[in-house]
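I opened this notebook to record what I looked up, entry by entry. The sequence and structure come before the notes.

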Amino acid sequence: MRGIGKSFPGVRALDDVSLQLYAGEVLALVGENGAGKSTLMKILAGAQPADTGRIFVDGSAVRIDTPGAAERLGIGMIYQEFNLVPALNAVENIVLGNEPHHGIFLDERAARERASAVLVELGIALPLDVETARLSVAQQQMIEIAKVLSKRARIVVMDEPSAALSERETDRLFDIIARLRARGVGIVYISHRMEELPRVADRITVLRDGHAIETRVAKEFPADDIIRAMVGRRLDAHFPELPPVAAGAPVALSVRNLARPPAVNGVSFEVRSGEIVGFSGLVGAGRTEILRAISGADVPLHGEVDVGGQRVRVLQPSDGIAAGIAFITEDRKSQGLVLGMTVRENITLAHVGEFVGRDLLVNRAKETQATNHFIAELRIRTPSPEQLVRNLSGGNQQKVVLAKWLLGHARVFLFDEPTRGIDVGSKAEIYNLMISLARNGAGIVMVSSDLPEILGMSHRVCVVRGGAIVREFLRGEATPDAVIAAATGAA
Amino acid sequence: MADEQIQEPLEASARQERSKRLRAYWLRVIGALVGLVVVAVVINVFAKGTFLAWGNIVQVLRQISYNCIMGVGQTFVIITAGIDLSIGSLVSLTGVVMALFANAMHFGGLPLVVATLAVGIAVGALAGYVNALPVVRLNLPPFITTLAMMMIAVGLSYKISHGRPIPLQSGAFQGIGIGAFLGGLTRAMHVHDIPNPVIWMIVIVAVGSILLTKTRFGRYVFALGGNEEAARLAGVNVRRIKTLVYVISGVCAGIVGFLYMALFSSGSPQTGTGDEMLEAIAAVVVGGTSLMGGRGSIVGTFFGALLIGMLYNVMNLLNVESYTQKIVLGAVILLAVVLDETRKRYLAKT
């Protein structure tokens, strides 16, 4: 790709960006949200036209104006949000749009053979007859990869493929990537995870504000340099310092024998005021489900929950909110935000009642005032409180979700993957926010699949496996090896 | 944190954004009005001056009032990404029930009118509640549950009326259906009468619009239409809000049933079982409310109903026969929605 430029109203998304990908290499593309990674890849995939610049495949200039054209050129995309039909099985998804047939009839045997051939080649074992909706995220991702390969893709773009995977699943993914590379497939690997780059990438390109800042061989590009190139300034410490929990701090949240089989099987723990407890574990271990059962998103079968020493009965989310529990969900778009509503409407959604005047009408001026306060305090980058949340970047959307929960009087904050898929700068701001919440006496539970984050941001680490807490580490004791061992059942 | 420094320009930009939106809104309204006036003048020439006669305009408003009131209730339902197919048959059911009730009472005058209206509203609300039950409890699609209610309500109204219109014995309703609002005043001022249903429509559009845009309930309606799970996790009582929108729709149907009953001086099982329901939905969609939920307005529904009403009226004045009228109406509804979508895509690009 040479000299690619693209403008959106008010934003120059890409400015003269050039990129080279060789056959059989993995090129990592990193950059903060809004740096232009997604736009660049959408142009390559034919989902958006470029304003300027040209694209060459195998040395000859090509026109990619539709996704179909990209596919014919052997360019395959694996988006963060998968494009699978949930009701179809693996085979049907892999051959979708390309079904082998006899006349008007589908040739199911040929379809199966073709799908298994690709899967065997990749060394993937999958249940073939099960609805895709019932497979794990990792398995669905493998179907995506197989689907792209069955169309003979020679260039594969993966957008944050490891974001939803556990450590072990990520290892599997890297095995598959190694096989692809050996076959001569060129891979563009978009990621926010510094620590995996040296493992997976041959070269690394950093994008910032629509410019390709720097490209280096991965071995010669240490994480500090990458981060400096991404943010344009040096971030001193990756994680801010945790203030110690005051001796004798009261218990903010106490959970005993919480159960909601099959995902949650008898969970007991306490969080003190000012304490951050990290929940680590593999995907599917039941961490999210524990938070859902505490907050009222799901109704627990049995168990006791005390907030600030008071027994609470949480049967629906509004009960949890009334009890002072804020649940910041993992999936912003499907659970945290109403994308078609404004920043103001999203921030006040859980507490609109506080803005209703005596005339029973919502006081918009008061709402705007509160919204502006959070826009300033959390540094939400939005042109105005009336901007639709849809138009904000991921990090800023996450800040809107946080503002929604800061608006109330919650004493307990349950964070589910608070920094997934957001840029380094926003991450640091969210860490600082968690710390200031803890300073003010809140009790915090943080579920995260990012091990450094768990180790860096928790006073205590609970490892979840099979819907129960299997190990607990104090801050000093938690090492990556020990936590992974407990999570995988190796210890 | 330098709150004040950031706050100031933020508030300014919020004001700017709002005034920009407001300007875009008024541009649209004024554009639509100018367009309407131009078209109206042209049509008026063709119709030899009958179209823009005050009497004709009032006539169009009266004709659209029934569908428009149904459309108001329907707008709430559609913004939650639902649909209510039962409203037409609820008009006939409430009409029949009210007529039977009024004839069974031994008092008359205003108390009878108020009591009868209350019965109609109660029946409509109850039917709306029943509509919502399987939707909120079992997550069934409202298309099916309200389709079932449509059939049940039609059957019920034929059964309890034995298939015949039930004439009202009391004369108390006459003024409401065909009478004029403050008729003495309008006649003293030598202007044309404003029929009562038009006043009902104006009041219901105004109340509905305030309810939808200015209250907590309205906010929740949009939120749950835009993202039900996010709304639920934010503590919105999704079941209650969903139930309420179907109840509102049923109440609107009850009011229309009342107005029709008063107009015809009888409760008939045939009223409202024609194209009324479909035209009310058409008015909502032509008015810019998204069938996918999360977006829409009641003022838009009013203009949608007005457009459809004017079309009928024009075609009548130009002596277009009724079969052709339907074809034209269908084409215009499609065109209106296509134009609106094109405009939105254009705006999204620039």
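Predicted model: local features only at pLDDT ≥ 70, side-chain atom pairs only at ≥ 80, totals over all residues.

**Entry 1.** I read the order as 6-9-10-3-11-12 in chain A, and the pairing is mixed. I then looked at the edges, where I found strand 6 (75–78) and strand 12 (211–217) of chain A. Each has a single partner strand, so one side of each is left without a neighbour in the sheet. From one strand to the next, I got an average twist of 20°.

**Entry 2.** I checked one pair in this sheet. Strand 11 (residues 203–208) of chain A and strand 12 of chain A pair in the antiparallel sense, over 6 bridges. In that pairing I found Val206(A) opposite Glu214(A) of strand 12 of chain A.

I next asked which helix lies across strand 3, strand 6, strand 9, strand 10 and strand 11 of chain A. I found helix 1 (residues 37–44) of chain A there, running at about 135° to strand 3 (26–30) of chain A. Helix 6 (residues 167–182) of chain A also packs on the sheet, and I listed strand 3, strand 9 and strand 10 of chain A as the strands it touches. The direction of helix 6 of chain A makes about 150° with that of strand 10 of chain A.

**Entry 3.** I turned to another open sheet of 6 strands in chain A, with the order 18-19-20-15-21-22 and mixed pairing. Its edge strands are strand 18 (325–328) and strand 22 (468–474) of chain A, each of which pairs on one side only. Neighbouring strands here are turned by 20° against each other on average, direction ignored.

Inside this sheet I looked up strand 15 (residues 276–281) and strand 20 (residues 443–447) of chain A, which pair in the parallel sense over 4 bridges. Val277(A) stands opposite Val445(A) in strand 20 of chain A. Helix 14 (residues 394–406) of chain A packs on the sheet and touches strand 18 and strand 19 (412–416) of chain A. I noted an angle of about 170° between the directions of helix 14 and strand 18 of chain A. Helix 17 (residues 480–488) of chain A lies across strand 15, strand 21 (460–465) and strand 22 of chain A, at about 25° to strand 21 of chain A.

**Entry 4.** I moved to chain B and counted 14 helices and 2 strands. The radius of gyration of chain B is 22 Å, close to the 20 Å that the globule rule gives for 350 residues, so chain B is as compact as a globular protein of that length. Its C-alpha atoms fill a box of roughly 75 × 55 × 40 Å along the principal axes. Buried residues make up 49% of the 350 residues in chain B. I also noted that chain B exposes about 17000 Å², with carbon and sulfur atoms supplying 70% of it.

**Entry 5.** Is helix 9 of chain B largely enclosed or open? I found 9 of the 11 residues of helix 9 (residues 216–226) of chain B buried, so this helix is largely enclosed by the rest of the structure. Among the buried ones are Phe217(B), Arg219(B), Tyr220(B) and Leu224(B). The cover over them includes helix 12 (343–348) and helix 13 (364–377) of chain A. From chain B, the cover includes helix 2 (54–79), helix 8 (196–214), helix 10 (228–233) and helix 11.

**Entry 6.** I looked for nonpolar cores. The largest has 140 residues, and those with the most contacts inside it include Phe413(A), Met457(A) and Phe173(B). Helix 11 (residues 238–264) of chain B gives the most to this core, with 15 residues. Among the residues that Phe173(B) touches, I listed Leu112(B), Leu168(B), Phe258(B) and Met261(B). Apart from this core lies another, of 50 residues, including Ile78(A) and Leu128(A).

**Entry 7.** Last, I checked the backbone in some loops. A cis peptide bond joins Pro261(A) and Pro262(A), with omega about 5°. Pro262(A) sits in the loop between strand 13 (251–260) and strand 14 (264–272) of chain A. Asp58(A), which is not a glycine, has a positive phi near 50°, and I found it exposed at 64% relative accessibility. Asn319(B) has a positive phi of about 60° and is exposed, with a relative accessible area of 69%.

Definitions and conventions:
Residues numbered from 1 in each chain as written. Chains lettered and ligands numbered in written order. Heavy atoms only, no water. Pairing = 2+ DSSP bridges. Axes fitted to C-alpha atoms, helices over the stretch in contact; angles between N-to-C directions. Contact = heavy atoms within 4.5 Å. Rg over C-alpha atoms; globule rule 2.2 N^0.38 Å. Buried < 20%, exposed > 50% of the residue type's maximum accessible area, 1.4 Å probe, protein only. Areas by Shrake-Rupley, 256 points an atom, 1.4 Å probe, with all protein chains shown as cover. Core = buried A, V, L, I, M, F, W, Y, C linked by side-chain atoms within 4.5 Å. Lists of a residue's contacts leave out its neighbours within four places in sequence.
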